[in-house]
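Please open the structure in your viewer and keep the selection panel at hand, as this tour goes from one selection to the next.

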Amino acid sequence: MMEEGRKGRYTSSERRLQALVQHLSPSGSSLAGVVQMEVTASGPVGSVFEHVEQAPEDPILGVTVAYNKDPSPIKVNLGVGAYRTEEGKPVILNVVRKAEERLLADRSRYKEYLPITGLADFNKLSAKLIFGKESPALLEKRVATAQCLSGTGSLRVGAEFLAKHYFQRLVFLPAPTWGNHHKIFSNGGLTVKTYRYYDPRTRGLDYQGMVEDIRAAPSGSLILLHACAHNPTGVDPTPEQWEGLRQLIRNKRHLPFFDSAYQGFASGSLDLDALAVRSFVADGGELLVAQSFAKNMGLYGERVGSLSIVCKKEAIATHVESQLKLVIRPMYSNPPIHGASIVATILGDSELYAEWTIELKAMANRIISMRHQLHSAIQARGTPGDWTHILKQIGMFSFTGLNREQVAFMTKEYHIYMTSDGRISMAGLSSKTVPHLADAIHAAVTGLSFSRQ
Amino acid sequence: MALKSVLTCRTPFTLSKVLEVSSGERCQSTSASNIVVQKVERGGRIDRKLEGGRAAMAGRAIARSNMRAGKRFMSTAGWWSHVTPAPRDPILGVTEAFLADTHPSKVNVGVGAYRNDKGKPVVLQCVREAERRIAGSKFMEYLPMGGSVKFTEFAIRLAYGDEADVLNDKRVASVQTLSGTGACRLFADFQKRFKPESLVYIPIPTWSNHHNIWRDARVESRLFRYYDPATKGLDFSGLMEDVKNAPSGSFFLLHACAHNPTGVDPSEEQWKEISQLFKEKGHFPLFDMAYQGFASGDTEKDGQAIRIFMNDGHQIACGQSFAKNMGLYGQRVGCLSVICSTPQESVAVKSQLQQIARPMYSNPPLHGAEIVSTILSDPELKDLWHKEVKEMADRIISMREALRFNLEKLGSKLNWQHVTDQIGMFCYSGLTEEQVDRLTREFHVYLTRNGRISMAGVTTGNVEYLANAVHEVSK
């Protein structure tokens, strides 16, 4: 473990250990002898964290790391779900720039701590966005909302609140789901189980399996539902299926927890994408919803989101909000101000809001057109198999159905970067790169099946 | 036992119904439910002041009994009726109360946020300039899980000194965090995961949220003596004794400078002795540094404890906050660093810290880190910052002098030397809870009940009023 420094000189830590050795060992034994020394009466000599192993790369964020390292001039990043333009560039929405300018110009603004549950205006507007401004739950003031660190933070705060205050420890996640969901809930103190969701044969929804598993779950279980544009599959229930699920979940007295990361991004319509959540509010029942503004406002790095808990009564919502503060305070005290101020500025101004819906629709439309282009390109190459799922799936991601080996092949030979579960981010595609991807898929599907020993 | 009777009851009942009934409200339930009521009342009370946790346990027990009873019930109360209102945060609740007060002479010396002499919050010029440069020119992509590398590199240079060996040897693991709170929480979770049997020693007193943080991380905590109410200074011998008696290899939380809430710091000599004792005991020093530059006006001087420990060979951890010294409060900018034995180890440690951050918030917010990087990477802006932070520190020092002067001028018989001996944003006045309550009730002066006065809230405009109020309640 002790290395020589540059040009044979010892590093500073070695010099200090050398000094220690002389103090501790009267015979003046060598530095090498020190390494073997365990914890002595005077305490450990080395680091208390020596045993810490290197953690594996995050599977999703690791894709971009690998992409960045690749020197090939032709490479495509279809890994992380961040929107890209036709030119493959990240985007700042015009309305965000305008909001930023307003904030910058307002010299009366300070950077003081927000309240623990965040910016009040933002919370109201965020809740209105998902529930609809005429929502009975909002009019009756029975929603507790807290600004949190984007979708991740909202889910985590919700999980910790549930672990403290909800009688049932089990949370059911769809199979598959966003890779980070599992740890969020388990680190938050809950026990994670799964329900069937994706059917690899149809590359669509395994509705029957989903219903069976939810029905079999112990009463009062937490059910995590993707509000729209399921990540990673892009497979959503139809409105009829949503209604069936709602009735089942209410009959079983399960508690639904919605993850809404793509409102407006899926269909292009904010209201349409919120239908599932609103139907669960309309029946008078309770639920949780985590909202993210990372994608639909392009605010990724600013970490803007909110957790809303719909309760039966106003008084209860007030108590719930106070308890949310006790979860948040020892985690990060209060949320960051910048991103939430931008969102509040946009949502609170009718002109900016209207402009935002147009920009949002344009992003959603570009993704839909990429789906069409990719599908056509695959058809044109005569790649075997049914690829209509690319058109049917919705939102930023498509679960191609490619397996690990095929993905590895595409990365190695075609410099296509994607997660090993076969998920591609449609947002990372452009008209220029669609042919390259289609070639890669074709080669992976046909070439591999011949060349495997 | 009340709970047992409820469990054996066959009538499905939510906890809220039981609470409602036991409080004497009229209940429209059937006679079966009255049996529940009687059992509850006879068996003992269900304490209405149940904490969230206990209420949840009771709620779970009742809900389980409902399920076992197998009876359907239309719960009009929903899932959360058992959730009791949480107590106000002792610190942040003060400002809430202050804002609600309409008295014209009200004074807020509660939360530790800097105010200028007009009592207004301040955005530093260097920050405004940095923001101007940043606006419109950056993208808002996700930072890595460990945050902005550029930011953390600047942050640790500030903490350890530009020429520190540990930096040249590249053996400091550092991640961007949600200000100081986030740095402490990330370390506490890391400590729990990799040293699950370890204890954390927390000074008496300390920032109240420290206890919440290690509790939520499920790390067992102990206390060590720090503040001596008799001298209103450091209980050095008590501290050393507690350090000595702690099991070897314990983790100690130390305030690097400007101890919150007391303002009492060890001297340089005392820090050296503490460091030596830590070496003998093999203790792990974790520094919470929320006021670098703010205490003395000099960032190097305020980092002296960290430099002493580092030069003595300790492998410390340090949580830094830029909330106060750059006035970036609401941006939530901080850094957690851990000195490791080797570069490889620091890579491993950083990777594990990231694993803890990922399911908590994925990656930290961009804006504040960009501001700090812009300032610290530009020599002119950095100079301006040093100047501005010294101004803030100097104003506070002058307010300390003014407060003490006024108290003595009023003829107070008490010793107010500690007002100028203590350092940083806070003065631990020595006032009792009752005196604090009087200060608030009668004089509309808002401070935390432990008698901590935020000197940043004192101005030339209100120092006489404040001194008079303090004198009145303490004479």
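How many salt bridges does the rule find across the interface of chain B and chain A? There are 4, a salt bridge being a side-chain nitrogen of Lys or Arg within 4 Å of a carboxyl oxygen of Asp or Glu. This is a predicted model, in which local features need pLDDT of at least 70 and side-chain atom pairs count only at pLDDT 80 or more, while totals for chains, interfaces and linings use all residues; side-chain values use heavy atoms, without hydrogens and water. Residues are numbered from 1 along each chain as its sequence is written, and chains are lettered from A and ligands numbered from 1 in the order in which they are written.

Select B:Arg115 and A:Glu112, which form a salt bridge whose closest N and O atoms are 3.0 Å apart.

Next, colour the side of chain B that touches chain A, where α15(B) gives the largest share, 13 residues; helices here are DSSP runs of H or I with at least four residues, and strands are runs of E with at least two, both numbered from the N terminus.

Now show both chains together: 106 residues of chain B are in contact (heavy atoms within 4.5 Å) with 98 residues of chain A. The two chains bury about 8,500 Å² between them, 57% of it on carbon and sulfur atoms, where buried area is the accessible area (1.4 Å probe) that two parts lose on being put together, summed over both.

Finally, select chain B by itself, which has 20 helices and 13 strands.
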